[in-house]
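Work through the following exercises with the sequence and the coordinates at hand. Each task is followed by a solution in steps.

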2 protein chains.
Amino acid sequence: MVPHLITALTGPINELEQRVLESMPAIERWYRLEWMEHTPPFYCSADLRNAGFKLAPVDTNLFPVGFNNLTADMLPLAVQAAMAAIEKICPEAKNLLLIPENRINNSSYLLHLQCLTDIFTQAGLNVRLGHPDVSVTEPTVLTLPDGAELTLEPLLRSKRRLGLKDFDPCTIVLNNDLAQGPLSELQGLHEQYLLPPLHAGWTVRRKSRHAQSYEEVAKKFAKLLGMDPWLIYPMHEACPAVDIRDPAGLDCVQTAVDTVLAKVRRKYKEYGINERPFAVIKPDDGSMGMGVLTVRDAKELAELAQRPADARLGAGNDSADMASPLIIQEGVPTYERMNDAVAEPVVCMIDRYVVGGYYRAHADRGNDENLNAPGSALLPLAFATQSPTPKRSTRAVSKPLIKPLSSAPNRFYMYGVIGRLAMLAASYELEATDPNAEVYE
Amino acid sequence: MVPHLITALTGPINELEQRVLESMPAIERWYRLEWMEHTPPFYCSADLRNAGFKLAPVDTNLFPVGFNNLTADMLPLAVQAAMAAIEKICPEAKNLLLIPENRINNSSYLLHLQCLTDIFTQAGLNVRLGHPDVSVTEPTVLTLPDGAELTLEPLLRSKRRLGLKDFDPCTIVLNNDLAQGPLSELQGLHEQYLLPPLHAGWTVRRKSRHAQSYEEVAKKFAKLLGMDPWLIYPMHEACPAVDIRDPAGLDCVQTAVDTVLAKVRRKYKEYGINERPFAVIKPDDGSMGMGVLTVRDAKELAELAQRPADARLGAGNDSADMASPLIIQEGVPTYERMNDAVAEPVVCMIDRYVVGGYYRAHADRGNDENLNAPGSALLPLAFATQSPTPKRSTRAVSKPLIKPLSSAPNRFYMYGVIGRLAMLAASYELEATDPNAEVYE
């Protein structure tokens, strides 16, 4: 199913898209050179927001989910990318241990695990799944909606290695964001590849650190294309762990919100965008879309501070989260719709390659709200069935290489380009936060 | 359009397929290790023949054509593979010069060139086309069926490099099989990558040399799977350049045909195959399916020797070819049909990856005849839309990993595996025939 895009096709994003399509060889070469210097994360996904006037990633997931929503056509692409990844990391690999999240009662997540298992099996690995709960000592058989089964086996840790009974993997792939802290079983492994590494987990990661890397990457990319980087990044401010019931804490968050909103207002004025800016407040160390709050005025926070703790930063938040550091991000409205539901594209990547994507849609949320919340639906995004380039002529150098865009521009190439910027930012971020990084001075 | 396969689904090939599907991780790992030792050709295609009782490549093209017959869904796969190839060979590449064949009046070939141009553009290169006729001094504009244009520009050779006006490529991709001898412009290039290298052209290549490499590769692969290599390779004999009007020459060819037919007969008996064996005689240095002859008895050659020269080895053959060395190959009948036409699958590859395939069908040819002849039609083969693996469970090690195959087995994975064997054989072949090879002794 190909979603019907009703994105507003006017304004800067259309110019940006044209420039992106025209600059395809330069963009791909730029990526090629960046990947010579930086290592892509093993896999990831990026949530994009297309506001018509700007297109930016708002979240980058280093433990991506939803691969079961990729169209079947995209599977060979994912397999090929996984082959490239494995070949670089551990060409002799035979066995791969996949450690999933704890959400093993979610049938959609199980389908995602099955899809990952298929991808790595077809890439040439014996794949088995480890149970993320180390207290489980017997294999757990889970039944999928189609009747197929997945077995989670108890993890077996030896002094230097982690495996399963009769299964010694060379590669351990985490699909568990370690939000509850890294499993002690994962520490101090020798001669085993842990992908992504421990410091990609939320005990170490900070959204603001990623945003900082993304800004750096977006500015480099914007320079290449000769455009305003704001068109592709959300401005942000960070706030340390504060209590907003405390006046000093409230002031800190309000100041950050004011700063972001003032900057956005200036940009909206510059581009003649007739909308009311908003900011999104998120726990800086959070995942899964918990505790995300949309504000249009810093004053809203004073009122919020009076509310009971569990109503303060969205659903699913407990009072402990109030002590989290925060990121205050420019809100990017999404003008994409799936039927009547507000939607945002999610770009899925393995190694340096875009392997597909899907739409996250939510019928009960506004275009200024977080869609990664209970009630959201995921629908395949048909990257591959769209013509990736407008019809072109190959001409002698004196004539323009690209013909004017046809009436149906291809949004998906641009989505892949911006999604990869988020991946590149994650690469910068992981290099900067690597506790074992070698320092060359 | 997905072709309807009416291949006989009984006998050894079904067992082979099951073993191939079950051994997927081991097969992919085997390829991964082979590619650590050997460099894949830049791109290639393999013509396969599926006899129901055996599946084997009968021709490997290092200057592949027909990429325009890949389904649009496969394009991202080709782009990703081209990115991987370029990244390894020349990551800083900006410009790519593509030198086509002389068949520039063939609109199907022009669509293929347009497709190659698209693939390499999307992989991040500025692509321009050089005219293969060095006597042409002005740009030649060619119009495609859809109205798009391709421009072939005159080649400009400097002392050390080859390029076009205002275009200095780092990479030169040949889509010209050099059957008329290598262009002098291609010799002695410095610091430019010529892909594939000159010795991949038909002035150097010999089908029998490839067949020898293929046999070596097939035996290794068959050992991995514990099966008879004959199921995946055609037996062959080579004959030096002889004149079959000369009794000694005729005897040489007849002996080779007898040898091949006797070997095939033994194999047919071993497997209880109730068919009459045949052999295919081809010029050992030929391309494009010229001069290919099917014989079921060496005696047929005595009669053939009496015919006028131009009727001897099929259409399009001139008497000069009679002085060519010959390869006498076991004939592999094809039992695939597209509607009423006899068909054979062609697997297309870039770098080490299968990027798609198509069927070559010929309504006027028999299942024991060469289909690469005027009148053949090419139809997309939907590799990607078939489920690449049967539905599986991931289970604990004590249970079987693979469930019994469903009633619709997927032929395409096996085609990709066998196609890649031909590619690997080409890699062995090019290493063995490389005039600049470093010898370690």
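The model is predicted: local features need pLDDT of at least 70, side-chain atom pairs count only at pLDDT 80 or more, and totals for chains, interfaces and linings use all residues. Residues are numbered from 1 along each chain as written, chains are lettered from A and ligands numbered from 1 in the order in which they are written, and side-chain values use heavy atoms, without hydrogens and water.

**Exercise 1. Characterise chain A by its secondary structure, burial, contacts and surface.**

Step 1. Chain A contains eight helices and 18 strands; these are DSSP runs numbered from the N terminus, helices being H or I with at least four residues and strands E with at least two.

Step 2. Of its 441 residues, 61% are buried, where buried means under 20% relative accessible area, exposed over 50% and partly exposed in between, with a 1.4 Å probe and protein chains only.

Step 3. A contact requires heavy atoms within 4.5 Å. Among contacts in chain A between residues at least 6 apart in sequence, 70% join residues at least 24 apart.

**Exercise 2. Describe the open six-stranded sheet of chain B.**

Step 1. The strand order is E5-E6-E4-E3-E9-E10, and the pairing is mixed; two strands pair if DSSP finds at least two bridges between them.

Step 2. At the edges lie strand E5 (140-143) and strand E10 (193-195) of chain B, each of which pairs on one side only.

Step 3. Within the sheet, strands E3 (residues 95-99) and E4 (residues 126-130) of chain B are parallel and share four bridges. B:Leu98 stands opposite B:Leu129 in E4(B).

**Exercise 3. Determine how strands E1 and E2 of chain B are arranged.**

Step 1. Strand E1 (residues 43-50) of chain B pairs with E2(B) in the antiparallel sense over six bridges, and B:Arg49 stands opposite B:Ala56 in E2(B).

Step 2. The two strands E1(B) and E2(B) form a hairpin with four residues between them, and B:Gly52 in the turn has a positive phi of about 85°.

Step 3. Strand E2 (residues 55-61) of chain B is largely enclosed by the rest of the structure because six of its seven residues are buried.

**Exercise 4. Which strands pair with E14 of chain B, and where is B:His236 placed?**

Step 1. E11(B) runs antiparallel to E14(B), joined to it by four bridges; B:Ala238 has B:Ile327 as its bridge partner in E14(B).

Step 2. Strand E12 (residues 279-283) of chain B is also antiparallel to E14(B), over five bridges, and B:Pro283 has B:Leu326 as its bridge partner in E14(B).

Step 3. Five of the five residues of strand E14 (residues 326-330) of chain B are buried, so E14(B) is largely enclosed by the rest of the structure.

Step 4. B:His236 belongs to strand E11 (residues 236-239) of chain B. At 15% relative accessibility, B:His236 counts as buried.

Step 5. Leaving aside neighbours within four places in sequence, the contacts of B:His236 include B:Ile327, B:Ile328 and B:Gln329.

Conventions. Areas by Shrake-Rupley, 256 points an atom, 1.4 Å probe, with all protein chains shown as cover.
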